[in-house]
Protein chains: 2
Amino acid sequence: MEEQIKGGEGLSTEEKFKEAARIVFTKKGYAATKTRDIAEQAGLNLALLNYYFRSKERLFEIVMIEKVQQLFAFMAPVLNDPETSLYEKIDLIPVSYIDMLLKNPDLPLFVLSEIKNNPGRFGKMIQANGNILQSSFVRQLAEKKKDVNPIQLFLNFIGMMVFPFIVQPVLQAVVPMSEGDYIQLLEQRKMLIPQWMKMMLAGE
Amino acid sequence: MEEQIKGGEGLSTEEKFKEAARIVFTKKGYAATKTRDIAEQAGLNLALLNYYFRSKERLFEIVMIEKVQQLFAFMAPVLNDPETSLYEKIDLIPVSYIDMLLKNPDLPLFVLSEIKNNPGRFGKMIQANGNILQSSFVRQLAEKKKDVNPIQLFLNFIGMMVFPFIVQPVLQAVVPMSEGDYIQLLEQRKMLIPQWMKMMLAGE
DNA sequence: GTATGATTTAATCTTTTGATTAAATCATTT
DNA sequence: AAATGATTTAATCAAAAGATTAAATCATAC
């Protein structure tokens with residue numbers, strides 16, 4: 001029997017471990033995650049982790065590849081689409097990207113931390129999504145606003161979407177805010193970010 | 001002999017450990033840091049760490065308090081100064097804050113990661129800097145731009161300064177960029193962020 | 001239903017890691 | 001220079017953590 005679906009939550013043992021590893025690694029990071037944490041989260045015997053994945057390191061690699069894809073590749077198709085205009089991209093991306101991040105709030109801080117810990121190893125994974133510098137989006141930014149480095153505007157665009165998720169724990173500590181308040185803040189951003197971007201692109 | 005300056009780099013043993021701990025903890029995070037890493041970085045015997053600081057945990061606490069202060073308290077005096085106008089704050093803060101971050105590029109990702117790992121414990125440290133919601137700066141933002149939640153604009157302001165440091169490793173992997181290019185990008189931001197903020201505050 | 005191979009388990013191993021100890025060294029006082 | 005207490009060191013400890021093993025269990029083919 002291989003790769004088959006089984007009892008429990010209807011997942012194979014291998015898939016249960018991957019799912020547990022996604023949760024624990026993303027929440028605590030590689031170094032703070034113990035293999036016993038993953039086994040417990042999966043509700044499975046620790047030895048099975050090594051049976052199916054050989055080592056903590058290899059299981060992490062599998063999760064990390066997925067998560068880097070999720071964070072970066074998600075946006076690539078739209079960024080590179082030469083058919084949509086600059087303003088269409090600016091209007092569309094925040095809606096879908098913020099939705100994705102609302103479903104995966106730990107994703108940015110996890111991926112960025114792990115990349116910082118090992119830039120040489122994981123940097124390559126990102127580049128798989130094509131050269132950002134030559135993306136349709138960055139070319140359109142450069143075209144529209146010739147007097148500002150398009151990387152600057154690109155950074156603002158991404159940052160306005162991602163930064164709130166990175167500072168969420170701080171924000172909750174600093175500003176008394178319910179979960180609902182926080183979600184509403186981010187829902188508003190879907191509308192606000194396009195407006196702000198257009199302001200930054202105006203006046204040439 | 002207590003608290004005295006000694007040979008080596010002219011620091012006391014205790015201070016050498018603190019300095020080593022600042023470097024290693026900030027670079028690798030709490031979980032990935034081994035006490036032996038710190039001893040090696042300090043060039044001292046491992047047992048001295050426990051002799052002077054009792055435990056890894058206590059040494060970390062000392063460093064963490066410092067680093068939280070550095071990241072948050074640095075900005076608090078200006079944010080809370082009712083004497084300076086909104087635009088003065090917007091003009092002045094990016095220059096000094098980006099300079100501080102250029103000297104401590106690992107600071108934001110380190111502090112934000114550790115707070116996420118333990119919001120209850122470290123959240124309190126931040127609040128020591130007064131209620132941000134009632135800061136002069138946020139009140140001035142609300143006054144100037146009545147139709148947008150000032151927290152949104154505050155997030156943008158901080159994010160435009162901090163986010164480039166958080167994504168630095170990614171940026172270097174994605175865009176071929178020398179250290180000098182990167183610094184220049186950030187130097188430009190000192191001028192650009194006030195301009196962008198004023199755009200976002202205009203049109204009422 | 002028995003044989004076969006895959007899967008699962010409990011127990012165990014080894015290395016790593018935070019911490020401690022006892023002895024040695026050093027600085028200061030008398 | 002001898003006594004005293006602080007500092008430093010090498011050796012060691014105990015717990016944590018990643019990994020392995022041998023036996024038990026299970027599913028499938030015959």
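Reader: What distance separates the centres of domain 1 of chain A and domain 2 of chain A?
Author: This is a predicted model, and in it chain A is divided into domain 1, covering 13-54, and domain 2, covering 63-201. Taken over C-alpha atoms, the centres of domain 1 of chain A and domain 2 of chain A are separated by 29 Å.

Reader: How do the residues on the side of domain 1 of chain A that touches domain 2 of chain A divide into nonpolar, polar and charged?
Author: The contact between the two domains takes 7 residues from domain 2 of chain A and 8 residues from domain 1 of chain A. On the side of domain 1 of chain A that touches domain 2 of chain A, the residues divide into 3 nonpolar, 2 polar and 3 charged.

Reader: How many helices and how many strands are there in chain A?
Author: The C-alpha trace of chain A spans about 65 × 40 × 30 Å along its principal axes. From the N terminus on, the elements run α-α-α-α-α-α-α-α-α-α-α-α, and the count for chain A is 0 strands and 12 helices.

Reader: Is the crossing of α4(A) and α7(A) left-handed or right-handed?
Author: Helix α4 (residues 56-73) of chain A and helix α7 (residues 107-117) of chain A have axes that come within 10 Å and cross at roughly 120°. That angle makes α4(A) oblique to α7(A). As for its hand, the crossing of α4(A) and α7(A) is left-handed.

Reader: Which residues in α7(A) are met by residues in α4(A), and how does that contact divide by class?
Author: From α4(A) come A:Met64, A:Lys67, A:Val68, A:Gln70 and A:Leu71, and in α7(A) they meet A:Leu107, A:Pro108, A:Phe110, A:Val111 and A:Glu114. The residues of this contact of α4(A) with α7(A) divide into 7 nonpolar, 1 polar and 2 charged.

Reader: What relation is given by the rotation and shift that superpose chain B on chain A?
Author: Two copies of a chain are related by a rotation about an axis and a shift along it. Here chain B is superposed on chain A, with an RMSD of 0.1 Å, by a rotation of 180° with 0.0 Å of shift along its axis. That is the relation of a two-fold axis. The same surface serves both copies, since 100% of the contact residues of chain B recur in chain A.

Reader: Which element gives the most to the side of chain B that touches chain A?
Author: The contact takes 40 residues from chain A and 39 residues from chain B. Two or more residues on the side of chain B that touches chain A are given by each of α7 (107-117), α8 (119-127), α10 (150-166), α11 (168-174) and α12 (179-201) of chain B. By class, the residues on that side of chain B divide into 26 nonpolar, 11 polar and 2 charged. The element that gives the most, with 9 residues, is α10(B).

Reader: Are α10(B) and α12(B) roughly parallel or roughly antiparallel?
Author: The axes of α10(B) and α12(B) are 11 Å apart, and the two helices pack at an angle of about 165°. Angles over 145 degrees count as roughly antiparallel. The angle therefore makes α10(B) and α12(B) roughly antiparallel.

Reader: How does the contact of α10(B) with α12(B) divide by class?
Author: In α10(B), B:Leu153, B:Asn156, B:Phe157, B:Met160, B:Met161 and B:Pro164 meet residues in α12(B) that include B:Leu186, B:Arg189 and B:Trp196. By class, the contact of α10(B) with α12(B) has 10 nonpolar, 1 polar and 1 charged residues.

Reader: Which residues of α12(A) and α12(B) make the contact between these helices?
Author: The axes of helix α12 (residues 179-201) of chain A and α12(B) come within 9 Å and cross at roughly 120°, which makes α12(A) oblique to α12(B). The crossing of α12(A) and α12(B) is right-handed. By class, their contact has 6 nonpolar, no polar and no charged residues. The contact is made by A:Trp196, A:Met199 and A:Met200 of α12(A) and B:Trp196, B:Met199 and B:Met200 of α12(B).

Technical notes:
Residues are numbered from 1 along each chain as its sequence is written. Chains are lettered from A and ligands numbered from 1 in the order in which they are written. This is a predicted model: local features need pLDDT of at least 70, side-chain atom pairs count only at pLDDT 80 or more; totals for chains, interfaces and linings use all residues. Copies are superposed by least squares on the C-alpha atoms of residues with pLDDT of at least 70 in both. Axes are lines fitted to C-alpha atoms, for helices over the stretch in contact, and angles run from 0 to 180 degrees between N-to-C directions. Helices (H or I, at least four residues) and strands (E, at least two) are DSSP runs, numbered from the N terminus. Angles under 35 degrees count as roughly parallel, over 145 as roughly antiparallel, 65 to 115 as roughly perpendicular and the rest as oblique. A crossing is left-handed if the near helix is turned anticlockwise from the far one by less than a right angle, and right-handed if clockwise. Ala, Val, Leu, Ile, Met, Phe, Trp, Tyr, Cys and Pro count as nonpolar, Asp, Glu, Lys and Arg as charged, and the others, Gly among them, as polar. Domain bounds come from an automatic or database domain assignment.
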